[in-house]
Amino acid sequence: MNYPFWDVPIIGSGWVLGGIAIFHVMVSHFAVGGGLYLPLAERKARLEGRDDWLEVLKKHSKFFLVLTGVFGAVTGVAIWFSIGLANPEATSTLIHNFVFGWAIEYVFFLVELTTAAIYYYTWDKISPGLHLKIGYLYAATSWLTLVIINGILTFMLTPGATWLGVAGSGSEASVFWYAFFNPTYFPSLILRTLVAVSLAAVWALVTTSRIDGFTQGKLKTSIVRWSVKWLIPSFLLMPVAFAWYLYMVPESGRQLMNLGISTIGAGTFTHVTRAILVSVMASATIAALAYFVAYRNPRTFKTGWALSVLFLAFAATAATEQAREMLRKPFVIGQFMYSNGIRKSEVEKFNREGYLTHTMWLSPETPDSPYRKVGGLPEADRTLLKGELMFRGQCASCHTRDGYRALGSLLRDRDEKSIRNIVQTLHEYKEDSPYRAFMPPLVGKEDEIEALVQYLRTLNAAPPKPEAPATQTARVDR
Amino acid sequence: MSLLYLPNVDPIPLPAPVWLFKVLHIATLMLHFVAVQLILGGLTLATVWNLFGKSGSPMAGASDSVVKKLPTVMTYVINFGVPPLLFSQVLYGQTLYTSSVVIGFYWILVIFLLIAGYYLLYRAGDRADAGRSWWWMGLVSLVLLAYVARIYATNMTLMLHPERWLALYVESGGFGGVMPKVDPTTLPRFLFMTVGALGFGGIAAALLGQYFTHTDDVKRFLTRTGSLLGAVFLAVQMLCGYWVYAAQPAVVKEGFWNSPIGYYGAILWAVFSVAALASIAAGGLIKGSLSRLLVSVAGLAAVLMTAGAVLARDAIRDLSLLAVGFDVWNRTVVANWSVVGIFLVLFVAALVLIAVLLVAVNRSMKEVKNQNA
Ligand code: HEM
């Protein structure tokens, strides 16, 4: 354990990150799609001399500025804060690889931000031609931020053979562009662009639904219908792009999905499939609502409907992000680093030398490290402290004790022997182990593994005994 | 002490030399600090003026005028905060990631404080537009943002002290909800940025008075009061700056004057602090176009003063880390210059593009105004 593990109760640090990420994806993709929607709508309005459209667009652009500027930008920073907390080791790898990728993204972001503000503040104050140009410039730079960040995001799923070939040799920087334009780069870029375009429609429905359909029926009809059309490209192209994406996903990820499809409705292996199903169903419902409710009856299209569409889009986004996350398991960086920050190349070393041998995160009372004072704790408590660190370092990035994906309940009906069996299976990590598809190998020496078993026992044990175990958490709970 | 207290360095070498990261880090951090001082100083002044200024008075007018600018300033606080965080993770990741996790709850709290504080600025601006009082919103926002500054000052101190991490981590059960005991350097550091910000805030208010169209009495109020407060608080900030230095452990103080970054940084900071102080004081006393010039000079001097402070601060950090066995210059570098080059070219192109845009927008605004007139 190199960095300390950020131990968030109940939801786990993963969901702090996940929650922020889902929200950010919704807003940031809107920032891209909406950025194209605005100037194209403005262009149409000007060509057709529709001043009433311009009024609507002005309002929409204020909403757009605050939503993307405050919530988009800050949640973007938030993702960064939370990945650093939830997985410092992986964040460090990404930053060492892609620091200038991020720096380039930042350049586009700077232009994006500036043009967004100018666009909003200069309605009617500068010539229409220049205003439109600024709108297009905004659209271009915000899409370019996606072009950059997509390289880093897809790298995590599929770093590609070239980068993996040099990983650990010290010359990673020489293959920057291979890592960037990795196997899932292009399908993912197309997918994300399509999502951005459809989110432009979804959010536009929210603002246009507020137009009064009785006094401004014509205006509402034309603008709602025009907005709905923004969903068409996605629904035509999404399946193709998605298929391409899956085709590029590594075999193991697809296996997980096939397994899911063949065992639908049962077993523990349906995560990916379930998530994809939710996403597909939510998207289909959006299409149905958009056509039957909004397109066919634009005048009576109420904000409540628009918010339902928005909610469905949230569900689809959440499910898709969840699926992407599951596809990547047990890795955080495909074939290179497991979700718990252990590099694939380090497994043997940790098995040989021990996982906790060199860590500075042993509790002061634990005797195993020459750098720490040996406390007067009874043997059993020392074992539990070690076991807790094993849990934090190797399991807690995916499991909590008693909240999300709780080991307490996953192990509920198991006695010590049966827990030891599972733990040994994770440690041996045989080719045919079913856990390989989503869990990393458990590393460490025998005493460390036994300490984990003892610790896990305390999680599934019935009510805690009066003298609570001397774990780091227990001490705080007191 | 030895490296036993630090996590291992990332095995992937740095993709560019340390000096380049240092330059980028220091330059962008300076911009961040300028923006932070503007937001904290500007918001404090505006809130106090809004509380005490009677409706229709120049004081109230000045407060509304300042607060309407603050959402945009806040955008740049965040925007200029991003690159130094990126570069400091590259240079100091081993200690920065760790100290952040050790106070993880507070570190993530920054985000929520930020969203609430930022949003309140927009709301306060809307109320100012509607001619209503908003000081309590400003006050809440100020408290939230000052707490963000407190968390930053704490983490930037904690990252220098690996020997404190384990106890804090254990005490908080790994969740990072325990604040470290205050270090003798944290308070002066925090005051330097927060109370000191009033110096910069005062200068900014005077600049606002000089360069934006206002009624005459608002203009006079902004210039006079802004200059006065600017001068007073620049002096206070200088005292805080000395206090930051004096509170350092002996080993840092000894190394400081032998480190070129510290030495020249401190001189730059001191010289331009005095220059800013003198010109803002003079600018407030003198009337007419000379006043405008002096206030502008003070603004420029304040930026350079901030640059000096950032340099001196950088030396203090590196010396403190060296004392625990972390040498920031000692890193393996395998550069990929093509990527660095693309970044630099794009960066310059973006700045040019923004400049061209602003000029074009300005010109077009004038044309449209003339047409309408
Ligand atoms: C998301 C937005 C922000 C980011 C990314 C950010 C980033 C940073 C970074 C990277 C540093 C230290 C750099 C270094 O020492 O290497 C810093 C320092 C600081 N920031 Fe920010 N910042 C943000 C928002 C704020 C806000 C809103 C405030 C308060 C209004 C603030 C106040 C400070 C202060 C006071 C320091 C100096 C701490 C010290 O060293 O004593 N920052 N910020």
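Chain A has 18 helices and 2 strands. Helices (H or I, at least four residues) and strands (E, at least two) are DSSP runs, numbered from the N terminus. The model is predicted, so local features need pLDDT of at least 70 and side-chain atom pairs count only at pLDDT 80 or more, while totals for chains, interfaces and linings use all residues. Residues are numbered from 1 along each chain as its sequence is written, chains are lettered from A and ligands numbered from 1 in the order in which they are written, and side-chain values use heavy atoms, with hydrogens and water left out.

### Chain A overall

Of the 478 residues of chain A, 59% count as buried. Here buried means under 20% relative accessible area, exposed means over 50%, and partly exposed lies in between (1.4 Å probe, protein chains only). Accessible areas come from the Shrake-Rupley method with a 1.4 Å probe; for residues, only the protein chains shown count as cover. Among the contacts in chain A with a separation of 6 or more, 74% are between residues 24 or more positions apart. A contact means heavy atoms within 4.5 Å.

### Interface of chain B and chain A

At the interface, 75 residues of chain B are in contact with 75 residues of chain A. Between them the two chains bury about 6700 Å², 78% of it on carbon and sulfur atoms. Buried area is the accessible area (1.4 Å probe) that two parts lose on being put together, summed over both. On the side of chain B, I12(B), Y97(B) and L166(B) lose the most area to chain A, together 10% of what that side buries.

Across this interface the rule finds 0 salt bridges; a salt bridge is a side-chain nitrogen of Lys or Arg within 4 Å of a carboxyl oxygen of Asp or Glu. Polar contacts between chain B and chain A number 13 residue pairs, both residues at pLDDT 80 or more. A polar contact is a pair of N or O atoms within 3.5 Å; within protein, one must be able to donate a hydrogen and the other to accept it, and residues adjacent in sequence count only if both atoms are side-chain atoms.

The elements of chain B that give two or more residues to the side touching chain A are α1 (18-52), α2 (58-102), α3 (104-129), α5 (165-171) and α12 (337-372). Of these, α2(B) gives the most, with 19 residues.

### Salt bridges

A search of the whole structure finds 25 salt bridges over all chains. Side chains of opposite charge can pair when their charged atoms come close.

| Pair | N to O distance |
|---|---|
| E450(A) and R420(A) | 2.9 Å |
| R164(B) and E163(B) | 4.0 Å |
| D183(B) and R164(B) | 2.8 Å |

E450(A) counts as partly exposed, at 27% relative accessibility, and R420(A) is partly exposed with a relative accessible area of 27%.

In chain B, R164(B) pairs with E163(B) and with D183(B). D183(B) lies in the loop between α5 and α6 (186-194) and R164(B) in the loop between α4 (135-158) and α5 of chain B, so this pair ties together parts that are 19 residues apart in sequence. D183(B) is buried, with a relative accessible area of 7%. R164(B) is partly exposed at 30% relative accessibility, and E163(B) is partly exposed at 35%.

Back in chain A, a network of salt bridges links D7(A), E388(A), R392(A) and R401(A).

### Nonpolar surface patch

W177(A), F181(A), F186(A), I190(A), W244(A), Y247(A) and I342(B) make a nonpolar surface patch of about 700 Å². The elements that give two or more residues to this patch are α7 (185-208) and α9 (232-248) of chain A. Patches are made of residues with over 30% relative accessible area and no salt bridge: like charges are joined within 9 Å, nonpolar side chains (Val, Leu, Ile, Met, Phe, Trp, Tyr) within 5 Å. I190(A) lies in helix α7 of chain A and counts as partly exposed, at 38% relative accessibility.

### Surroundings of N351(A)

N351(A) is placed in helix α13 (residues 347-353) of chain A and is partly exposed, with a relative accessible area of 27%. Not counting residues up to four places away in sequence, N351(A) touches H427(A), L442(A), V443(A), G444(A) and K445(A). The side chain of N351(A) reaches the backbone nitrogen of G444(A) at 3.0 Å. The C-alpha atoms of N351(A) and T114(A) are separated by 52 Å, with the two residues 237 residues apart along the chain.
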